Amino acid sequence: MNKCNARGKKMGELKLVSFDVWDTLLSVKLFYRSVALELAKITGRDSASLEKRLIEGYRKVRAIRRAGGFDDSKIVSMTLDVMAKFLNIDSEAISKAILKTAESHPAEQYLIEGAKEAVSSVKELGLKIIIVGNVVFWPGKINRILLEKAGLSNFIDGQFYAEEVKISKPKPEVFYKAISEFDVQPEEGLHVGNSLFEDFAGAITARMGAILIDENVGGIVKLSDWNAYIIPNIKSLREIVNELLSS
């Protein structure tokens, strides 16, 4: 049976699944723990307190970004300046610690449980897989290094980051730009992420299917006739994709 949205438009055949990176595929908290260790070596400060401040700063930066406080074309430099002032650490030292972490720490430790299996199982179904990611105070190349080292890059057909395409989620244009590279229409795509605002609302605004990962739900929740779901963890993704492909 063909599914329709509120306007009666038929959902297209699923051809592509896009993913957010942080706290969808990789744990940002565990990454910050490693960055804090590298910053501690550079600054001589306590790594535990640095980890706490990094997480606080990350939340601060995301709040400013959501409020439209940054220019998408300068997102990395602007957020890095904010974080440098918040930590009272030179921006070059922060960038150095992040790059050192990405290059020298084992990236497998950052994998969200079930993420690799979920991505590989979707790929086995013949679907295109892409990354549509926002960035803060490090560029998309850091994510590329981590995804490669974590063993996910072999499943990914393309990666699109805010500072490269000059657009941040939840703006629908970032989704349009990414899927157009694969000649896919919005109704033929499904986006998976952990942010209600940036991922879920952004994908729906772009007329894509959307999956929100929220550990507070007890199982798969379908929200409407449109392909909008909430799942407790990424392990549930394969079940939804199978359902969409068979409908």
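A: Let's start inside: there is one cavity of 30 Å³ or more in this structure. The model is a predicted one, where local features need pLDDT of at least 70 and side-chain atom pairs count only at pLDDT 80 or more, while totals for chains, interfaces and linings use all residues. Residues are numbered from 1 along each chain as its sequence is written, and side-chain values use heavy atoms, with hydrogens and water left out.

A word on terms. On a 1 Å grid over the protein atoms alone, a cavity is a set of points where a 1.4 Å probe fits but cannot get out; a pocket is an open set with protein on both sides within 12 Å along at least five of seven lines; and lining residues have an atom within 4 Å of a point. Grid points are joined across faces, edges and corners, and a volume is the space filled by probe spheres set on the points.

The largest cavity holds about 150 Å³ of space. Its lining counts 15 residues, and Asp20, Trp22, Tyr58, Arg65 and Asn134 are the closest to the centre. By class, the lining of the largest cavity has five nonpolar, four polar and six charged residues. Here Ala, Val, Leu, Ile, Met, Phe, Trp, Tyr, Cys and Pro count as nonpolar, Asp, Glu, Lys and Arg as charged, and the others, Gly among them, as polar.

Where does the lining of the largest cavity come from? Helix 2 (47-66) and helix 9 (196-205) each supply at least two residues, and helix 2 gives the most, with three. (Helices, H or I with at least four residues, and strands, E with at least two, are DSSP runs numbered from the N terminus.) Domain 1 (16-27 + 111-246) and domain 2 (28-104) each bring at least three residues to this lining; the bounds come from an automatic or database domain assignment.

Those two domains have centres 24 Å apart, taken over C-alpha atoms. In domain 1, 23 residues are in contact with 23 residues of domain 2, contact meaning heavy atoms within 4.5 Å.

Seven strands make an open sheet with mixed pairing, in the order 3-2-1-4-5-7-6; two strands pair if DSSP finds at least two bridges between them. At the edges sit strand 3 (158-161) and strand 6 (221-222), each pairing on one side only. Helix 10 (residues 237-246) packs on the sheet and touches strand 1 (16-19), strand 4 (189-193), strand 5 (209-213), strand 6 and strand 7 (228-231), and its direction makes about 155° with that of strand 7. For that angle, axes are lines fitted to C-alpha atoms, for helices over the stretch in contact, and angles run from 0 to 180 degrees between N-to-C directions. Strand 2 (residues 128-133) runs parallel to strand 3 over four bridges.

The largest pocket has a volume of about 370 Å³. Its lining has 14 residues, with Asp23, Ile213, Asp214, Glu215 and Pro232 nearest the centre.
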